[in-house]
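Please look over the sequence and the model below before reading on. The briefing that follows is grouped by topic.

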Amino acid sequence: MTSVEKRDVLVVGAGFGGLYSLHLLRESGFHVSAVERGSGVGGTWYWNRYPGARCDVESLQYSYSFDDDLQQEWEWTERYAGQPEILRYAEHVAERFDLADLIDFDTNVESMSYDSTTQKWTVSTNQRTYEAAFVVAATGCLSTANLPEFPGLETFEGDVYHTGRWPHEQVDFTGQRVGIIGTGSSAVQAIPVIASEAAELTVFQRTPNYSIPAHNQPLEPAVQAEVKSRYDELRQAARAERSGILSIFPPNEDSAREASDTEFRARMDERWDYGGFSFYRSYIDIVVDPESNERVADYVRGHITAKVDDPELATLLSPTNTIACKRPCLDTHYYETFNSSHVQLIDISDHEIETITPHGLRVRGEEFTFDALVFATGFDAMTGSLLKMNITGVADYTLNEAWANGPRTYLGLGIPSFPNLFTVTGPGSPSVLTNMIMAIEQHVEWIRDCLVSMRDNGYAAIEAKPDAADAWVSHVNSIADQTLYPSCNSWYLGANIPGKTRVFMPLIGFPDYAERCEEVASNNYEGFTLV
Ligand code: NA7
């Protein structure tokens, strides 16, 4: 008989959510460990090693705030950190806080089920079985790659890559004919870098995307020192922002629709020249008022037209949908890359890729030949990794059944019928609409406080109440419905995955959310049943 590893808490995932969970829960006296399907820590940053992979949140903000020595001592080198630097940071955190020994790597959860009698989870993995009173699913929001079922894919004789599962060894496209499918954030980052190596790069675009220049640059030591001298104050100010991200531009209540042409142009130019997501803080109503939205969209299209030499190509690269309802992209010379004669854009908005062939692919009745194919086709976001774990809760009810009509959580932290299971940055929480590390810290601290409170008060099980979850799902959707977010086929809605129920998954607005979580805790975990 194989032995069962017993834990107070089993954490699934060793990305930023998992690492912080391990640290805090061990510090609070729980017997805790983690399972991680990768061979190292870092989560998203472990898997997404594609050329040009970079965080769109500035490095001085996209970092842990929980330990002052860590935030003071770690030196970032660029305004936006690249994947290798963020991965080094995650590895440093694991080493600094002595976490690696708590992690079972190369360990994939195959199934887990809750026993209502023992009030424990049994978690089966490809390596061993665990029994834990609590499971913390720190499985990431963008961690299950979406590779659509293109017919003939297995016949392709060249190299195949997915941006979200990039190999660890250096990939060199020098002299190669490369085809890339997709024009989301990952592609927007990868295309300029792959183009700088490849002999020919062909981009297959189903929907064009709005992208704002990142204006990445080396981080001046004086800037870094200044931020570090006021870190606590800045972190606190960030938590008071809707997105949890601070901008050098103060928020305002102005409407883009009402601005004069001169005022509008000056403000937008200033944000464009500064770069980054501050662009979207220029006016309060960009994701609320269709006219304001269109005015800002048109401003970006003007830049695309100015950057791309061939007017027809500029038109093809110019989106017409609502700006910012799909996750906005930041880039370094994305549109300019299409001015190179070895880069071509193939518009497939009206044509599915018919088949992958041994030497390339066929679309619009035309055959394209490649040495390598790159799929930048995104993720089964927010629910994909949770549903893949084959989770069975009380009375043999599976998570796949529970979420057949979309994810149903309370606060994005708990799920009715699945007691003692917490989701870090789960659907229904601000998560991907914020600075993820900040959202992770808030969630993990809430979970730790909850577990300590249960231990102190002699409770063994906590479960979200069905009516609390129903009300929460309605709340998340009613907030989204007041905006333009649900108006296009984004992964926020699950609309990028064929057959996935269309439900707006993240909650807009971090500060109100964090306050609500605190209220719930101080009202003796209102909306949860404790036994
Ligand atoms: P995204 O943003 O989901 O982009 C995926 C891209 O792949 C997008 O352009 C899709 O076109 C395209 N796609 C997906 N399926 C197909 C098929 N079947 N045929 C052609 N094209 C397809 O994923 P990313 O990895 O770029 O970014 C995900 C997040 O990671 C990002 O938002 C950041 O938060 C970090 P579509 O738009 O669906 O027409």
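In what follows, Ala, Val, Leu, Ile, Met, Phe, Trp, Tyr, Cys and Pro count as nonpolar, Asp, Glu, Lys and Arg as charged, and the others, Gly among them, as polar. By that division, the shell around the ligand holds 8 nonpolar, 8 polar and 3 charged residues. This is a predicted model, in which local features need pLDDT of at least 70 and side-chain atom pairs count only at pLDDT 80 or more, while totals for chains, interfaces and linings use all residues. Residues are numbered from 1 along each chain as its sequence is written, and side-chain values use heavy atoms, with hydrogens and water left out.

**The ligand and its surroundings**

- Around the ligand there are 19 residues, of which T183, S186, T207, K326 and R327 come nearest; a residue is near a molecule or strand if one of its heavy atoms lies within 4 Å of it.
- Polar contacts, meaning pairs of N or O atoms within 3.5 Å (within protein, one must be able to donate a hydrogen and the other to accept it, and residues adjacent in sequence count only if both atoms are side-chain atoms), include one of 2.8 Å between a backbone N or O atom of T183 and an oxygen atom of the ligand.
- The side chain of T207 has an N or O atom 2.4 Å from an oxygen atom of the ligand, and for the side chain of R327 the corresponding distance is 3.1 Å.
- The ligand taken alone exposes 780 Å², and the protein buries 88% of that, with accessible areas coming from the Shrake-Rupley method with a 1.4 Å probe, where for residues only the protein chains shown count as cover.

**Domains**

- An automatic or database domain assignment sets the bounds, dividing the chain into domain 1 (4–144 + 380–530) and domain 2 (145–210 + 324–378).
- The centres of domain 1 and domain 2, taken over C-alpha atoms, are 31 Å apart, and the contact (heavy atoms within 4.5 Å) takes 24 residues from domain 1 and 22 residues from domain 2.

**A residue in a helix**

- Q442 lies in helix α14 (residues 436–457), where helices (H or I, at least four residues) and strands (E, at least two) are DSSP runs numbered from the N terminus.
- Q442 counts as buried because its relative accessibility is 15%; buried means under 20% relative accessible area, exposed over 50%, and partly exposed in between (1.4 Å probe, protein chains only).
- Leaving aside neighbours within four places in sequence, Q442 is in contact with F510, Y513, A514 and C517.
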